[in-house]
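Subject: Structure handover

Hello,

Here is the structure for your files. My notes on what was found in it follow below.

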Amino acid sequence: AGNNPGYTGVMKELGEISIVNPKDSVEFARRLHVLLHDKQLRTAWREWASEYVKQFDYDKVVASYEKFYYHLLEK
């Protein structure tokens, strides 16, 4: 994930190891190398991610946006 506000705002906990400056090719390559070759870390990250992403499920996100838009329309 690029180190922009969108990703840094949601990639918390173990997800922070995914955040890297996409313009820093050396750091990007190093991070990829670690995730490719450290099986224990990769497994932990994958387990974390499989649960963590559920909060961003389509139904949850859409309902949140709809509620916000309806609130704005009422004003």
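A residue is called buried here when its relative accessible area is under 20%, exposed when that area is over 50%, and partly exposed in between. By that rule, Trp48 and Tyr52 are both buried. Please keep in mind that this is a predicted model.

Aromatic residues

There are five aromatic pairs. One of them joins Trp45 and Trp48, with ring centres 6.0 Å apart and 50° between the planes, which is a tilted arrangement. Both residues belong to helix H3 (residues 39-52), where they sit three residues apart and so are separated by about one helical turn. Trp45 has a relative accessibility of 26% and is therefore partly exposed. Trp48, at 13%, falls in the buried class.

Trp48 also pairs with Tyr52: the centres are 4.5 Å apart and the planes meet at 25°, so this pair is stacked. The cut-off that matters here is that planes under 30 degrees apart count as stacked. Trp48 and Tyr52 are four residues apart in helix H3, again with about one helical turn between them. Together with Trp45 and Phe56, these two residues form one aromatic cluster.

Nonpolar core

Which residues make up the largest nonpolar core? It consists of five residues: Met11, Ile19, Trp48, Ala49 and Tyr52. Met11, with neighbours up to four places away in sequence set aside, is in contact with Ala1, Glu16, Ser18, Ile19, Trp45, Trp48 and Tyr52.

Helix H4 and the surface

Tyr65, Phe68, Tyr69 and Leu72 make a nonpolar surface patch of about 450 Å². Phe68 is located in helix H4 (residues 58-74). Its relative accessibility is 46%, so Phe68 counts as partly exposed.

Lys60 is also found in helix H4. Is Lys60 buried or exposed? At 51% relative accessibility, Lys60 is exposed. Leaving out residues up to four places away in sequence, Lys60 touches Lys54 and Gln55. From Lys60 to Leu73 there are 13 residues in sequence, and the C-alpha to C-alpha distance is 20 Å.

Regards

Definitions and conventions: Residues are numbered from 1 along each chain as its sequence is written. This is a predicted model: local features need pLDDT of at least 70, side-chain atom pairs count only at pLDDT 80 or more; totals for chains, interfaces and linings use all residues. Side-chain values use heavy atoms; hydrogens and water are left out. Rings of Phe, Tyr and Trp (its six-membered ring) pair if their centres lie within 6.5 Å; planes under 30 degrees apart count as stacked, over 60 as edge-to-face and the rest as tilted. Helices (H or I, at least four residues) and strands (E, at least two) are DSSP runs, numbered from the N terminus. Buried means under 20% relative accessible area, exposed over 50%, partly exposed in between (1.4 Å probe, protein chains only). A nonpolar core is a set of buried Ala, Val, Leu, Ile, Met, Phe, Trp, Tyr and Cys residues joined through side-chain atoms within 4.5 Å. Contact means heavy atoms within 4.5 Å. Patches are made of residues with over 30% relative accessible area and no salt bridge: like charges are joined within 9 Å, nonpolar side chains (Val, Leu, Ile, Met, Phe, Trp, Tyr) within 5 Å. Accessible areas come from the Shrake-Rupley method with a 1.4 Å probe; for residues, only the protein chains shown count as cover. A salt bridge is a side-chain nitrogen of Lys or Arg within 4 Å of a carboxyl oxygen of Asp or Glu.
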